[in-house]
Amino acid sequence: MPEKDSLHTFFEPDSVAIVGASTKPGKVGHDILRNMVTGGFQGEVYPVNPHAEEILGKKCYPRVTAIEGSVDLAVIVVPAAAVLSVMQDCGEKGIGTAIVISAGFKEAGPEGLERERELGKLARELGIRVVGPNCLGVMSTSTGLNATFAAGMPKRGNVSLMSQSGALATAIIDWSIQQGVGYSKFVSFGNGVDVGVVDLLRAWEDDEETKVIVAYIEGLPNGAEFMQVAQRVSEKKPIIVVKSGGTQAGARAVSSHTGSLAGSEQAYDAAFTQSGVIRAHSVEELFDLAVAFAYQGPPRGRSVGIVTNAGGPGIMATDAVERDGLRLASLDQETIRALREKLPEAANFYNPVDVLGDAEADRYTYAAEHLLRDGNVDSVVAVLTPQAMTHPKETAEGLASVAVQSDKPVLACFMGGNAMDGALQVLNERRIPVYPYPERAVHSLARMAEYREWLNEPADEYIRVVPYTQGVDGVFEAARAEGRVDLGEIEAREVLKAYGVRIPESYVARSAEEAAEHAEKIGFPVVMKIISPDILHKSDIGGVRVGIRDRQEAVDAYELMMLRVQRYVPDAVLRGVCVQELIQTGREVIVGSTRDPQFGPLVMFGLGGIYVEVLKDVSFRVAPLGKRHARRMIDEIRSAALLRGARGEKPSDIDAIVDTLLVVSQLVTDFPEIVEMDINPLKVGGIGEGAVAVDARITITEEEHAAGG
Ligand code: ADP
Ligand code: MG
């Protein structure tokens, strides 16, 4: 037996007290007691209510302390104002776990928030683990425990569900009962004063009854801890999450491109991707995936075989396969020969295999069986529409019997209404996920394939790219000493240099004559840029000249730039001009970072230049990241093909971008005081030519942080 986790008492208590049990049907305190009494729970159930003798045939106690026997779990349904004193009683009685159903806490304004704080504090003092408050409760189908006020309980199965929303949980349970989806455990944790997402992930990590973890969340209190635990658990079983709405915490002014492009949704997406969590974008998708993962194992590859009794739906499935990044398997000669042998001449023997509308169950099953045997096929999607000769129920039985003999997943799409009822029941009982539309079957399969690939990947190693961090502190201190937190190109370049990023040769000039000398030293052509702590977007005000070809042009450019800037930004403090080596060739990309309130530093990548904020073609990861994710970030943007050299373009030095992403990841991890930064542009040369940070900007916090994250 695996060691029991600290939450197991919530699911398998020997005795339960319902504090606030009511005599009146329809009241929450009555419905919970009824569910506990009639749900098949084998342990002791004690109603607690000082004003009743007996409820539903059970002796009633005035307080939990009056119960003679021991009590493992208290379900608290009293008004909010009485919850704390009930908790005191529970402590006295030695109860270690409590479900607080009562509302009137943090969701109910300042007074409720204060009450919730006290509840949390008291629970810690008394050593009581708490689910809730403001929740629907807990179910466990294996022990028949139904400590909720929901009507009915889903059948036994191996999906475990946690939900932050009680209302949604009610709908989910209702729907699951109707669809026949089987559950192991269910927790509505409401406000989550104690038990939350991470605790439940830990509790279900090694739970043999839980094969798939499903979660509905609105936010996470501790992003870093979630990622760490979720990644570990994902290696053992799939975690499917719907994350809805939620507010963007602490909107603040953003000074960088990265800051304006990164929202909390990008942060969640990145965190889920990095920890193997499968994100569903609707409750419908959540169920589609839960059923797929609960009933079938993920496919070992992306090649799909399709069997259908109708051309149109077969094509729809085929289109979906391509759209979702799966492949239509090219069938083995042996399979085609076998199909030719038994199928009518008008049938299609190639993928998608069309057994025709007049196919009875045996012909359909025969085709499915041969697809499953084919070494080129990793999974089968079985499409059926009700036609004159179709026997949906027999076909479902035939399909299920060949599916169990194969280790490849089979997903069904049986289209049609009442005609399919019997078939759906068979498929559900025999653990073949079935969907009303081909797209949903195929999409679920695609997500399973992705998960399998994630499992097969070696862990992404986080390696230090450079040891050197001194010098950076000095730059930050100097800026702060002047009362600034926005570091322009000159200072940001110092920081990047300390981290080994290539930067163009540059010198500061304070006169036209000096500018010309520097330009000669560098060698023409050169670039000239204004230096001012008050100007962050230099080219907007004519503060950048690219391609200065000789001494005279350098002198003229200096004078003109000074004149222009003084005209456009008369109050700006000017520190001279930066004369810079012109980086002739290369593609402009942006590498940046911003800090997310939940997950900490995010690293961003995109094609650079002026359109980055319009096109929003960027990708994110949570730092620190390893090589594999850095590479993945580059592949993820829509215009990645350009960098790889599509349409006769010269391929770019992807390795140099990867290195820069890793450096930025390390820099923002080492220095928590970096709020935002971007290198825009990073000019990336051809393969082997490297990349140069041509411009950069960093925003730091006002206070100093200890370096070394
Ligand atoms: P800002 O973003 O503040 O307007 P940049 O330093 O990014 O100023 O310069 C604007 C543009 O000029 C860059 O996007 C790049 O296209 C070009 N540029 C700037 N510096 C160089 C350089 N050293 N070599 C080549 N091109 C440069
Ligand atoms: Mg720039």
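Me: Where's the place of Pro681?
Reply: Pro681 is in strand E29. Strands here are DSSP runs of E with at least two residues, helices are runs of H or I with at least four, and both are numbered from the N terminus.

Me: Before we go on, what am I looking at, and what counts?
Reply: It's a predicted model, where local features need pLDDT of at least 70 and side-chain atom pairs count only at pLDDT 80 or more, while totals for chains, interfaces and linings use all residues. Residues are numbered from 1 along each chain as its sequence is written, chains are lettered from A and ligands numbered from 1 in the order in which they are written, and side-chain values use heavy atoms, with hydrogens and water left out.

Me: OK, back to Pro681. Is the peptide bond from Asn680 cis or trans?
Reply: The Asn680 to Pro681 bond is cis, with omega near 5°.

Me: And which protein donors does the magnesium ion have?
Reply: Asn680 (O) and Asp695 (OD), at 2.2 to 2.3 Å from the ion, which is ligand 2. Donors are N, O and S atoms within 2.8 Å of the metal (3.2 Å for Na, K and Ca), and since water is not among the atoms, sites may look incomplete.

Me: Which parts does that pair tie together?
Reply: Asn680 lies in strand E29, while Asp695 is in the loop between strand E30 (691-693) and strand E31 (696-700), so the two tie together parts that are 15 residues apart in sequence.

Me: Are Asn680 and Asp695 buried or exposed?
Reply: Both are buried. Buried means under 20% relative accessible area, exposed over 50%, and partly exposed in between, with a 1.4 Å probe and protein chains only.

Me: Switching to ligand 1. Which residues come nearest?
Reply: Lys529, Lys538, Ser539, Ile583 and Glu588, out of 19 residues around ligand 1. A residue is near if one of its heavy atoms lies within 4 Å.

Me: What lies 2.3 Å from an oxygen atom of ligand 1?
Reply: A polar side-chain atom of Ser539. On the nitrogen side, a backbone N or O atom of Glu581 lies 2.9 Å from a nitrogen atom of the ligand, and a backbone N or O atom of Ile583 also lies 2.9 Å from a ligand nitrogen. As for cover, the protein takes 85% of the 540 Å² of accessible area that ligand 1 has on its own. Those areas come from the Shrake-Rupley method with a 1.4 Å probe; for residues, only the protein chains shown count as cover.

Me: Which strands supply the shell around ligand 1?
Reply: E23 (526-530), E24 (544-548), E25 (577-581) and E29 (674-684) each supply at least two residues. E29 gives the most, with three.

Me: How many residues of strand E27 are buried?
Reply: Eight of the eight residues in E27 (600-607) are buried.

Me: What does E27 pair with?
Reply: Strand E26 (587-596) pairs with E27 in the antiparallel sense over eight bridges, and a hairpin of three residues joins E26 to E27. E27 also pairs with strand E28 (618-622), again antiparallel, over five bridges. Two strands pair if DSSP finds at least two bridges between them. For landmarks, Thr594 has Leu602 in E27 as its bridge partner, and Val603 has Arg621 in E28.

Me: New topic. Which side chain does Glu491 join by a polar contact?
Reply: Arg484, at 2.9 Å. A polar contact is a pair of N or O atoms within 3.5 Å; within protein, one must be able to donate a hydrogen and the other to accept it, and residues adjacent in sequence count only if both atoms are side-chain atoms. Glu491 is in helix H18 (489-498) and is buried, with a relative accessible area of 18%.

Me: What's phi of Arg431?
Reply: Near 60°, a positive value in a residue other than glycine. Arg431 is in the loop between helix H15 (421-429) and strand E20 (434-435), and is partly exposed at 32% relative accessible area.

Me: Last one: how many helices and strands are in the chain?
Reply: 24 helices and 31 strands. The chain has 709 residues, 55% of which count as buried, and its C-alpha atoms fill a box of roughly 100 × 80 × 40 Å along the principal axes.
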